Amino acid sequence: MYNYAGESLCNHQKEEFYRLLFKEVYAMVDDGMFDNDAIRKRTSGNDHIHRRVVKKLVTPEGFEVFRAKIEKSYISCIENKEQILAEVLEIFNADKIIPNDIKSKIKNSLTNASDYQISRALAGALICLEYSDYLIDKGKNQFFKIDFMRLSADEPPARYPQFITESPDAAVADFIGREDELDELSTSVIEKQLNILVSAVGGLGKTELVKNFLHTLVNTETKTSGIEIIAWVPYNNNDIRLSIKQALHMQCDLEEVWLEMQNIAAKYGRSLLLVVDNIETVENDEHLKKLSCLQCSIIVTSRLRDLPGFSNIMNLQPLTMDKCRELFYKHYEFNEQDNETVNDIIYLTAKLTIMIIFIAKAAHLEEMALNELYGKLVAKGFKLSDEDVSCEHEKLQNDDTIIRQMCILFSLVKYNDTDKQLLTYTSVIPNLEFSYPDAKKWFKVKKNSCLMRLYKMGMLEYHIKDRKHIYWMHSVIAAAIREQQKEILYDTTAPFIHELSEDMELGDEWGKGYTKFDLIPFSWSVADIFENHWGTEDDATFLLRLYYICFEASNYPLCKTLIEKVIEIDKTIGNTEMLIRDYKNYAELLLRIDNDADSIKMLDIARGYMEQLDPTDKMKREWAYLWHQYGNVYYHSGKPNKALDYYTDALELDLSIPNIPSRELSTDYSSIATIFQVHGDLPTAYEMMQKAISVEEIDDEDSESIMNYYYMATICTDFVANGYDEYCDEAQECNEKVIAFREKHLSKHSNDLADVYMEYSNFLYQISDNKNARKYCRKAYDIYFYLYGEDSYHILQCMSNEALILAAEGKEDDAVLLYREIIDRIKQISNIPLSDLCNDYQNFADLLEHSDEYEEAKEYYLKCIDLVKEAFSDDSPRLSQPYLGLANCCMGLNDYESAIDYLLQLKAFSDEDMLLKRIIYYKVGTCYVILGKYDTGIEHFKKAIQLCDENGETDLGYIYVDMSNTYHLMGKEDEALYYGNLARDFESKFDDKDLSEYVHTLNAFLPEKQNIF
């Protein structure tokens, strides 16, 4: 590094260069670096960097200081930064002590060659190389973890912590008290790096305390706090995974959320602060019990006294009397001050914060004097002071008493009928923020002032976000309202529930559920609160509409709860038609969670109801849908032939139905296309997918329609991979359409977006656009890494594409080495689909065959064949490629009889595949010629010539050369010269270096071109 930049940096000694790079890290450990002799021992390689400095370098703050110095004082001053990086990494990769996984991670971190990434890689390599030398000298081999390098980050840490979720509403501007508690939070989270549970009854100020702490934190520099990012997760008291998914806007299935959260926590470590607010119960949430195992910093607020895994607990106490008075006067807003009376009022509230604020606001709104206020409270029987709200009681289960006392306080304020109705509506969506437009639609509120009035009464909370008025109701107040209205709660809120239900309506077709995901928390809150009150057909409709949206959001546990409740209602009503619908929905849900056996059971139940309702099979649409679902389950369970039978039956029924919705036919065709594609029958798959697209009503905003174009892109890419270049334009067009839709409508970390990036990368590789193939492969890798971490099959798919690209660039050795790593890692992953494993074995065998490692290539071709037969059938068209590979290996090993045997086995797959048939004739002919059977060889060459077309058009030139050679060996020089001239004429039409070199081999025995015939 010094040799590249010594003069440009005006450093004429290595010691000065060393001082330039390291001085700030030395300063962090109070070392002035004044001793040139000591530094010279390091620059000459005779001694290691000071241990205290190394210990600082392997911390996030020390590494970042060192990296930043390399970027600002070195990288920015040299022109050939890529070259110096390459040379440093060459030394780094040659080291025998540094683990391969560390080498791989640093290499893979270079996604865009920015100055940040280059300086990070240089810093990481230098530190690892230094530590490698140290281990050798000490006779040790235990390497450090490299999490501190932040290899997955795209940019340096921000100066101040950033939210990766929606931030909570603003902290109270003039927060009162809690100085000791704020200090305790800071000590636990920042200094001691401990997780903490903030425990108290509802309404004592847990959330406000944490919000105030976060307000201070986001204004404290990252280098001071060690916190880079913050995730605020409101808990929905149902499933921590759902809460995390909604807060972080994850696009993966709910079953994958916890793994993704683990990966995010591992990626950022203690620099991520996860705040989970308002946990009320743990009983039915298994993942909540694992919360403390995440590798990040965690704060939890809860009414619970303890939480599994949290030993550091802050039992929040009420404010002191002085602070309670200050809080009361803040909201009372009159000049009157009577501390003794206020003390008596506060005594009645047991210092419960929410009640102090409510009483003060109510008194101000109703213009009550303090003595009048106290008198009314006593007269109404309000007294909470006998209750223990100090967190010292057994289970913190005095909420019922608090709610009853809260109901008394409501009588302090005069409400009109509109207020009461609006408050009742809002009470069934506690703690959920809604805007004025939402309230206008759901609650029929005519003026924003109606909501502001309730805020001034203390019934609603309020803040402004993005110039919008945002409201919500505290859970304690909501519970008190529901208690007060419990006899008429369901009937009173029915209009709101109906309006919400209409909002959730998706119509007859799926595909736009993603536009309604924001309704899930509101709808689920209503569904949960009325759990034991549902019973009508309208209720079932509401719950089923919520089920459909949750299904598209991959919230399968919530779907299970909903569909079971819907079935319970419809059984009570005795509606057979609805039960058929319910059980088919349940079957679809079970299929999504890989429970094939129970999915079949649900379909069998639906089938039984169908036979009762329609013994003469007149309900064709319902029967077709049922057969299609059976097909889905059998396809999913690895029985594609049985699935195809059901799909075909469904299609036949749908075609016989007048005015059938186009979506149904499209789904039938696309499902059949998928079966033929996995079988390797691409022409039929393409035909079916064309029909799927042609019958579908064009809607570029429909996610289901877009899926057809995605499937078509994969089929066209498979054609291109097999040599049919005429499908290139269609593959390009389909990929572009899908990418445009998913980039517009899905999050940047969506699994579906990564899938299409990966598919497009594969297509670009097939057309030799290696630069862009690598670009989109990297885009997919970044998303997969964010979602699933390093140890996932998706990452292996990206590595596979990279290996194929390397091979296409002529770096066969690197490609084989990378694929060996892939094969080793495959053994550690249990959930790889058989069809994908076939592809991996096929790709690895192809690389080995191209590298002339024929025996090992044969081993993997045979493994691929065994898997294809296991996953599909003994006559699957997918067998053609590994059989062809085996034939190539045998030819490479001079075993031409075996090569012919394998090639002849391919004839079973070539009836409709002219390109494959041509390859077979050409290779069989070549084998016969080498075996000395010239006439038979010539016969096969001529058949190959007859099959030449625009696909692989230069192949004809190669066949002409081989025929000329063969006739020469037979002593038929006229024929040899004739085909030699044809080869020369053909070669002159193309600018193909390889073909030209092959044709020029004829010069060894042929004269200059002559006209023979």
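Is Thr222 buried or exposed? I looked this up and found a relative accessibility of 9%, so Thr222 counts as buried (buried is under 20% relative accessible area, exposed over 50%, partly exposed in between, with a 1.4 Å probe and protein chains only).

The model is predicted: local features need pLDDT of at least 70 and side-chain atom pairs pLDDT 80 or more, while totals for chains, interfaces and linings use all residues. Residues are numbered from 1 along each chain as its sequence is written, and side-chain values use heavy atoms, with hydrogens and water left out.

**Entry: Thr222.** I placed Thr222 in helix H11, residues 222-225 (helices are DSSP runs of H or I with at least four residues, strands are runs of E with at least two, and both are numbered from the N terminus). Leaving out residues up to four places away in sequence, I listed its contacts as Ala158, Arg159, Tyr160, Pro161, Ile227 and Glu228 (contact means heavy atoms within 4.5 Å).

**Entry: cores.** I found that the largest nonpolar core has 277 residues (a core is a set of buried Ala, Val, Leu, Ile, Met, Phe, Trp, Tyr and Cys residues joined through side-chain atoms within 4.5 Å). Met459 and Phe443 are among those with the most contacts inside this core. Beyond four places in sequence, Met459 touches residues including Phe358, Phe410, Tyr415 and Leu423. I also noted a second, separate core of 46 residues, which includes Leu89 and Leu122.

**Entry: charges over rings.** I looked at Arg51 and found its charged end over the ring of Tyr134, 4.0 Å from the centre (this requires NZ of Lys or CZ of Arg within 6 Å of the ring centre and within 35 degrees of the ring normal). Arg742 lies over the face of Tyr710, at 5.0 Å from the ring centre.

**Entry: cysteines.** I searched the whole structure and got 0 disulfides (a disulfide is a pair of cysteine sulfur atoms within 2.5 Å). For Cys296, the nearest cysteine sulfur is that of Cys293, 11 Å away. Cys296 is buried, with a relative accessible area of 0%. Cys324 also counts as buried, at 0% relative accessibility.

**Entry: helix H33.** I followed H33 over residues 703-721, which are 19 residues. From first C-alpha to last it reaches 27 Å, close to the 27 Å expected (the expected span is 1.5 Å times one less than the number of residues). In H33, 14 of the 19 residues are buried, so the helix is largely enclosed by the rest of the structure. Just after H33, I noted that Gly723 takes a positive phi of about 105 degrees.
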